[in-house]
Amino acid sequence: MPQAAWKSDATKLAKVRKERGLSPEDVADQMGVSARMIHYYEAGVHSPAVSRLGDLALALGYAPDDLTADPRGEASLVDLRYSAGLTAASAAARLRGDQAGYGQLIDQRKIRDLEEGRKVAGKMLQSPEASGLLTGALARTYGVPPRVLMDA
């Protein structure tokens, strides 16, 4: 099983599930995983993979970032993407679908380059106006204000 590069708040998972009146089996059925995996998440043995975080949040009726253990204001770009429940590939796909990302040829490699502080290639990205529009699009994709994205 792939290990998550972030940590979910295990105590919050069990508390939220119980508040919603859901059993581990109910959540597992909605996510398409075993009830044992839900127990592992709640015990802190495993954190859900990023690709499963959105499903878990949906099953519990919460936003993905409400289920993470990251303190607010200390998030990196990777943390923001994980909190949105997105893989690099799915974030790139959403950006390509945004008006600001149209024609930018954004792929998961460019998302990872950005997250790791490397220069992102692309002739359309050279203009400050295009970069500003993409910043707004990325903030919308991650569900955060642009200022939070700039601070990451």
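Reader: Where does Gly32 lie, and in which loop?

Author: Gly32 lies in the loop between α2 and α3, where α3 spans 35-43; helices are DSSP runs of H or I with at least four residues, strands are runs of E with at least two, and the numbering starts from the N terminus. This is a predicted model, in which local features need pLDDT of at least 70 and side-chain atom pairs count only at pLDDT 80 or more, while totals for chains, interfaces and linings use all residues. Residues are numbered from 1 along each chain as its sequence is written, and side-chain values use heavy atoms, with hydrogens and water left out.

Reader: OK, and is Gly32 buried or exposed?

Author: Gly32 counts as exposed because its relative accessibility is 58%; the cut-offs are under 20% relative accessible area for buried, over 50% for exposed, and partly exposed in between, with a 1.4 Å probe and protein chains only. Between the C-alpha atoms of Gly32 and Leu56 there are 9.9 Å in space, although the two residues are 24 apart in sequence.

Reader: How do the axes of α2 and α3 cross?

Author: Their axes come within 8 Å and cross at roughly 110 degrees, where an axis is a line fitted to C-alpha atoms, for helices over the stretch in contact, and the angle runs from 0 to 180 degrees between N-to-C directions. α2 and α3 are therefore roughly perpendicular to each other, given that angles under 35 degrees count as roughly parallel, over 145 as roughly antiparallel, 65 to 115 as roughly perpendicular and the rest as oblique.

Reader: Which residues make that contact?

Author: On the α2 side they are Pro24, Glu25, Val27, Ala28 and Met31, and on the α3 side Ala35, Ile38, His39 and Tyr41, contact meaning heavy atoms within 4.5 Å. By class, the contact of α2 with α3 has 7 nonpolar, 1 polar and 1 charged residues; Ala, Val, Leu, Ile, Met, Phe, Trp, Tyr, Cys and Pro count as nonpolar, Asp, Glu, Lys and Arg as charged, and the others, Gly among them, as polar.

Reader: Switching to the cores: which residues touch the most other members in the largest one?

Author: Of its 18 residues, those are Leu80, Leu95, Ile106, Ile111, Tyr142, Val144 and Leu149, a nonpolar core being a set of buried Ala, Val, Leu, Ile, Met, Phe, Trp, Tyr and Cys residues joined through side-chain atoms within 4.5 Å. Two or more residues come from each of α5 (77-83), α6 and α8, and α8 gives the most, with 5 residues. A second, separate core of 17 residues includes Val27, Ala28, Met31 and Ala59.

Reader: What is Leu149 in contact with, leaving aside its neighbours within four places in sequence?

Author: With those neighbours left aside, Leu149 is in contact with Leu77, Leu80, Thr135, Leu138, Ala139, Tyr142 and Val144.

Reader: And Thr141, buried or exposed?

Author: Thr141, in helix α8 (residues 128-142), counts as buried because its relative accessibility is 10%. A polar atom of the Thr141 side chain lies 2.8 Å from the backbone oxygen of Ala137. Leaving aside neighbours within four places in sequence, Thr141 is in contact with Ala84, Leu86, Ala91, Arg94 and Leu95.

Reader: Last one: how many helices and strands does the protein chain have?

Author: The protein chain has 9 helices and 0 strands, and 43% of its 152 residues count as buried. Among contacts with a separation of 6 or more, 57% are between residues 24 or more positions apart.

How values were computed:
A polar contact is a pair of N or O atoms within 3.5 Å; within protein, one must be able to donate a hydrogen and the other to accept it, and residues adjacent in sequence count only if both atoms are side-chain atoms.
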